Amino acid sequence: MKAGTNLEKVLESGKFTVTAEAGPPKGVSAEVMQRKGELLRHCCDAINVTDNQTAIVRMSSFAGSMLLKQQGTDPVMQIVVRDRNRLAIQSDVLGAVALGIGNVLCLTGDHQKFGNHPNARGVFDIDSIQLIQALKRMRDEKKFLSGDDISGEVPLFIGAAANPFADPFEFRVSRLAKKIKAGADFIQTQAVYDVAKFTSWMEMVNDRGLDRQVHILAGVIPIKSAGMARYMRDYVPGVSVTDEIVARMEKAEKPKEEGVALILEIIEQLKEIPGVHGVHIMAVGWEDIVQEIVAKAGLMPRPAV
Amino acid sequence: MIISEQKPLEEIRKMVADYDKILILGCGTCATVCFAGGEREVAILASALRMAVKIDGKEKVFHEHTVKRQCEWEFIDEISEKLKEVDAVLPLSCGIGVQAIAERFPNCRVLPGVNTCFLGLTEEAGIWSERCVACGNCLVHETGGICPIARCAKSLSNGPCGGSVGGKCEISPDVSCAWQLIIDHLVALGQLDRLEEIQPPRDWSSSHSGGPRKIVYPFQEGNQAEVER
């Protein structure tokens, strides 16, 4: 075991894993985080806490992760390289580990121009692959990026993202391979709607034997309405919501139910794809639907490991 | 080339408000090529300002002059006499020229007439784009001759990020994804395998992060030691 977190244990047990996402509030309310944790903790194995997602300032992922940890939930602390340099990131990781956080997801982060502080200076001191490498070095060699020694162990279960739907498509597998080589233990993908494209990406992943080196959790985002489907199709970079999905949501009499049905169909297919070890459900602002999705997908109860 | 862009007339009007005699000073090099501050722009700006102050009912005098290069002492010394007739100078040069004027003529009020934008290339007449951020640590031999530090919005050394779609950057459909360009170029060269290697964290100490930079050529080293003493 690298960090011995619940997420690591469930993935290592070979069981189909479920993670979910909880965005911290645009304010100081611990209850918001705790309420999301309460909604999600019984139906998933770990909860991702986003880090200024879409470049909008929120409570830090570190604090959000701690609030979940205090509830007895296993958090995945997300870190984007947009907002902090190598000094700040390494010190946050030491603090997080000291307080019992073991899972970290390494991300580049959306460009600051998308957020509520578009005039901010983007940091990007290191990139997400270099961040993975840095965390692996902290854990395995007990050294900082500078080569200085760290006192004590830094147990970490290191995650990374993959987007099979961004371009160039052929290079996406090479980029995944680089993340694994850098030290990623688990991967959470961008939301899958185009299952055929995802399947062909997974075939390329498996052909290179990468599925045996890393745990891949396929991302899903339940769609609430036709408007949301259109928005994701037209404005969210690297998400491939198809016209068929938009049409289906537009025709639906009860869009929320249709959205759940759609996501369940996708999860059913994802479960059958070799190399997919779980799903990562990002129900942004719709956390209360996750339990129903997990139950209807036949993934309850979550294993006690 | 250093690409600059003239500030909006309104902003320049506010800057000159407190002065009566102003020298608009063009630069014959980069600022001329990018239509920000050559002889022609000096003349156009001078007439625009004359018109503006007339409307405001003020009396101001605008002198016009263009030097070959504002970033070298020998070319700016020629304006010392002209400066005696004015109470401010409005250089239409990049930040280097503006500061050279301020440094050479410390009693002179200096009002920057352009914004210095980037180190770039004239793609075609009237179109300029950034190519270099002067990071002091060139890596383009690894990236097919295309700089991801200057041309990727996130300066990624191991790109592309998940926002690259259809060859475009997530920040704008008008911006090419530098990593798509790099990959296309390396594919054409049959060298895509170069990208399998993980690039280590960059040494930013050679960039502005390391503080203002200076290069002293060997024959100057003695003089430099003298100056510092």
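Reader: What makes strand β5 of chain B and β6(B) a pair?

Author: The rule asks DSSP to find at least two bridges between two strands. Strand β5 (residues 114-124) of chain B has five bridges to β6(B), in the antiparallel sense, so the pair passes the rule. For one spot to look at, B:L119 stands opposite B:C132 in β6(B). Before we go on: this is a predicted model, where local features need pLDDT of at least 70 and side-chain atom pairs pLDDT 80 or more, while totals for chains, interfaces and linings use all residues. Residues are numbered from 1 along each chain as its sequence is written, and chains are lettered from A and ligands numbered from 1 in the order in which they are written.

Reader: Why are β1 and β6 of chain B said to stand at the edges?

Author: The three strands form an open sheet in the order β1-β5-β6, with antiparallel pairing. β1 (2-6) and β6 (127-132) of chain B each have a single partner strand, so one side of each lacks a neighbour in the sheet. Neighbouring strands here are turned by 70 degrees against each other on average, direction ignored (axes are lines fitted to C-alpha atoms, for helices over the stretch in contact, and angles run from 0 to 180 degrees between N-to-C directions).

Reader: Over in chain A, what makes helix α3 mostly covered?

Author: A residue is buried if 20 or more other C-beta atoms, placed from the backbone, lie within 10 Å of its own, exposed if 12 or fewer, and partly exposed in between. In α3 (residues 61-70) of chain A, eight of its 10 residues are buried, among them A:F62, A:M66 and A:L68. Those buried residues pack against α2 (30-41), β2 (46-49), β3 (75-80) and α4 (86-98) of chain A. Just after α3(A), A:G72 takes a positive phi of about 95 degrees.

Reader: How do you know that both faces of β2(A) are covered?

Author: Check each side. A:A46 and A:N48 on one side are buried, and so are A:I47 and A:V49 on the other. β2(A) also pairs with β1 (residues 17-22) of chain A in the parallel sense over four bridges, and there A:E21 has A:N48 as its bridge partner.

Reader: Is A:E153 buried or exposed?

Author: Exposed, because A:E153 has 11 other C-beta atoms within 10 Å. A:E153 sits in the loop between α5 (128-140) and β5 (157-162) of chain A.

Reader: How many residues of chain B are in contact with chain A?

Author: In contact means C-beta atoms, placed from the backbone, within 7 Å. By that test, 23 residues of chain B touch 26 residues of chain A.

How values were computed:
Helix = DSSP H or I, 4+ residues; strand = E, 2+ residues; numbered from the N terminus. Contact = placed C-beta atoms within 7 Å.
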